[in-house]
Amino acid sequence: MNYSILDEGQLFPLAEGDVSTDAPGRMRVAQDAFEKAMGWQLKPEGLCKGAVCVPVRDRDALVHTDGIDLEEFASVTGRPCSIDAAEGVAAFGTTAASQSSLMESLEAPDFKLPDLSGQTHSLSAYRGNKVLFVAYASW
Amino acid sequence: MPVWQALYEELGPHGFVPITVALDRREDVQPYIEAANPTHPSLIDEAHRTAELYHLLNVPTILWIDEAGMICRPHDSQYATDIFTAFHKKLSGPYLQMIRDWVHTGAGAMSADEIRANQPKPNADSQLARVERALAWHLLNAGRGAAAEPHFDRAAELAPKDWTIQRGSMPLRGGNAFGPEFFALAEKGKFNYGMEDLTPTHAPESAE
């Protein structure tokens, strides 16, 4: 089984030995691997990312002998998440509050995408120009 | 798309770049890109990352970004040609002229308050729908099409008015985005974009 975390568009493969799906429907990840993939650290004061910490009310629900429970992590941090334990993938997104403040800042979020030839382009490379962002599709 | 290329050739020397982003599988959009043969950035976003970042709800969606990287005109449903004007009732000419005016004089850029008032608003359901869609695409791309299905379904339930999810998933799930599924979706009620008339470019015969 290939295990991975899909976090806001980025894919982090997980080693098989770091993942447990023993509890039905749950995915738990060894603390080291979890911290490396997600950038969140478990500290005495709670779950921390950079200077931000979120208190963990029920530490036993989050930290198990077979690892950090990903669904509980999502619930503690308020992140939208979908876990498909049978497929070994946990996907995390952006909270509505974070997305709203990103949009209200009016900063155009940077992205990096390939063209047909596979060459990648980032929006930020065109700083200094007036950019017309056109999303379209064949459908 | 050839229209954006022509506009790039006309306005590029004045500091203008169209960046077109296809919310598509590479193989589905390839013929369109090859036909237009663009020299401006013509990108492919299979994972719908820009739909997540910009909260895109349909195509086409156009945003203006100024020299400092700030959005200066938000989500606007506008067209480069009049091929589908009979359906959406919009004319491309006035909008293309607006772009020219913006590039030459800065006209058409909106105030911060106006922009915020006209942005679509994400909520918990729309954000979870993006996650489900991302997971569905990841599984499909990994050859796990059957496992992707419930996640596509869940995304569609959570975001009934998001056409990047509703209609954009049709070709991925073996459907036809121009077939009965599409018309059933369109008939469920007029799709409310929130800013459908940001720029009034409606053809005269549709004026009410």
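**Chain B and its contact with chain A**

Strand 14 of chain A and strand 1 of chain B (residues 16-22) pair in the parallel sense over seven bridges. Pairing requires at least two bridges found by DSSP between two strands; strands are DSSP runs of E, at least two residues, and helices are runs of H or I, at least four, both numbered from the N terminus. Thr20(B), in strand 1 of chain B, is the bridge partner of Val134(A). The model is predicted: local features need pLDDT of at least 70, side-chain atom pairs count only at pLDDT 80 or more, and totals for chains, interfaces and linings use all residues. Residues are numbered from 1 along each chain as its sequence is written, with chains lettered from A and ligands numbered from 1 in the order in which they are written.

In total, 44 residues of chain A are in contact with 69 residues of chain B (C-beta atoms, placed from the backbone, within 7 Å). Strand 14 of chain A gives the most to the chain A side, with seven residues.

Chain B contains ten helices and four strands. Their order along the sequence is α-β-α-β-α-β-β-α-α-α-α-α-α-α. The radius of gyration of chain B, taken over C-alpha atoms, is 18 Å, close to the 17 Å of the globule rule for 208 residues, so chain B is as compact as a globular protein of that length. That rule is 2.2 Å times the number of residues to the power 0.38. The C-alpha trace of chain B spans about 50 × 40 × 35 Å along its principal axes. Among contacts in chain B between residues at least 6 apart in sequence, 55% join residues at least 24 apart.

Technical notes: Two residues are in contact if their C-beta atoms, placed from the backbone, lie within 7 Å.
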